[in-house]
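Here's a quick briefing for anyone meeting this structure for the first time. Take a look at the picture, then read on.

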Amino acid sequence: MDLRWTDVSDIAIELYDAHPDVDPQYVNFVDLRNWVMALEGFNDQPERCGEKILEAIQAAWIEEASD
């Protein structure tokens, strides 16, 4: 899988699987950004990430964790 910053839902699922014991609402954006870039299959430029993208990823991860 080739993940990019815009693959918000797929990233949220991967983060949920990679960090099952983490409550995503308490993850700071520095950690979130680093965890996304560390995901297997993530292939995008760090400078393409902004606060809005991180907010969207965090919101999708919160939703994934609540299911």
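A salt bridge here means a side-chain nitrogen of Lys or Arg within 4 Å of a carboxyl oxygen of Asp or Glu. By that rule, the structure holds two salt bridges. Keep in mind that this is a predicted model.

**Overall build**
- The protein chain has three helices and zero strands, so reading along the sequence gives you α-α-α.
- For 67 residues, a compact globule would have a radius of gyration near 11 Å, and the protein chain agrees, since it has 11 Å.
- Along the principal axes, the C-alpha atoms fill a box of roughly 30 × 25 × 15 Å.

**Inside and outside**
- Of the 67 residues in the protein chain, 28% are buried.
- The protein chain exposes about 4,300 Å², and carbon and sulfur atoms supply 45% of that.
- Take the contacts with a separation of 6 or more: 72% of them link residues 24 or more positions apart.

**Charges and salt bridges**
- The protein chain carries 4 positive and 16 negative charges, and their mean positions sit 13 Å apart.
- Side chains of opposite charge can pair when their charged atoms come close.
- Arg48 forms a salt bridge with Asp44, where the closest N and O atoms are 3.7 Å apart.
- In that pair, Arg48 is exposed at 54% relative accessibility, whereas Asp44 is buried at 13%.

Notes
Residues numbered from 1 in each chain as written. Predicted model: local features only at pLDDT ≥ 70, side-chain atom pairs only at ≥ 80, totals over all residues. Heavy atoms only, no water. Helix = DSSP H or I, 4+ residues; strand = E, 2+ residues; numbered from the N terminus. Rg over C-alpha atoms; globule rule 2.2 N^0.38 Å. Buried < 20%, exposed > 50% of the residue type's maximum accessible area, 1.4 Å probe, protein only. Contact = heavy atoms within 4.5 Å. Areas by Shrake-Rupley, 256 points an atom, 1.4 Å probe, with all protein chains shown as cover. Lys, Arg positive; Asp, Glu negative; His and termini not counted. Charge placed at Lys NZ, Arg CZ, Asp CG, Glu CD.
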